[in-house]
Amino acid sequence: GDIVTFTYTLSNVTIETYPFATLKTNIDRKQINFIHNVVGTTGILDDGKTIMIPNVRLASGSTLIIKFDAIINFFQEDKKVSTEPEFLDANKKSIVKAAKEEVTAKKLSKEEIDKRGYSIKKK
């Protein structure tokens, strides 16, 4: 139930301009929900597997910051939530892939879940 902010800084130090590029986040979509506070882009794509930022225009010598918040889904154990962003050109060819970054979402105790007004139902 915690909120995590994902921030991506795209810096183009080349002489190329990348119109209609895509930022593929490689976030496991099953781990997050309620994506909100989107900044730096006009929209996101959710294919059920990951989040992608389409139609990115990155001019030569420019920097673009894209960020959004998401709520981490409830889990019965500690869970690592990660992103390994990849920048794709208009033809979906990989330009650069960044290192994997991750945080650990700690499971909540039953008492903490009850205190927040949620309930755990056993199957």
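Tutor: Two strands pair if DSSP finds at least two bridges between them. The model considered here is predicted.

Student: What makes strand E2 and strand E8 a pair?

Tutor: Three bridges join E2 (residues 18-24) to E8 (residues 86-88). The rule asks for at least two bridges, so the two strands count as paired. They run antiparallel. Among the bridge partners are Lys24 and, in E8, Glu86.

Student: Which strands form the open sheet, and in what order?

Tutor: Five strands form it, in the order E4-E5-E2-E8-E9, with antiparallel pairing.

Student: Why are strand E4 and strand E9 said to stand at the edges?

Tutor: Strand E4 (45-46) and strand E9 (94-97) each have a single partner strand, so one side of each is left without a neighbour in the sheet.

Student: What makes Val4 and Glu101 lining residues of the largest pocket?

Tutor: A lining residue has an atom within 4 Å of a pocket point. Val4 and Glu101 line the largest pocket, so each meets that cut-off. The volume of this pocket is about 160 Å³.

Student: Which element gives the largest share of the lining of this pocket?

Tutor: That share, five residues, comes from E1.

Student: How is the lining divided by class?

Tutor: The lining of the largest pocket has six nonpolar, three polar and two charged residues. Val counts as nonpolar and Glu as charged, so Val4 belongs to the nonpolar residues and Glu101 to the charged ones.

Student: What share of the protein is called buried?

Tutor: Of the 123 residues, 32% are buried; the term requires under 20% relative accessible area.

Notes
Residues are numbered from 1 along each chain as its sequence is written. This is a predicted model: local features need pLDDT of at least 70, side-chain atom pairs count only at pLDDT 80 or more; totals for chains, interfaces and linings use all residues. Side-chain values use heavy atoms; hydrogens and water are left out. On a 1 Å grid over the protein atoms alone, a cavity is a set of points where a 1.4 Å probe fits but cannot get out, and a pocket is an open set with protein on both sides within 12 Å along at least five of seven lines; lining residues have an atom within 4 Å of a point. Grid points are joined across faces, edges and corners, and a volume is the space filled by probe spheres set on the points. Helices (H or I, at least four residues) and strands (E, at least two) are DSSP runs, numbered from the N terminus. Buried means under 20% relative accessible area, exposed over 50%, partly exposed in between (1.4 Å probe, protein chains only).
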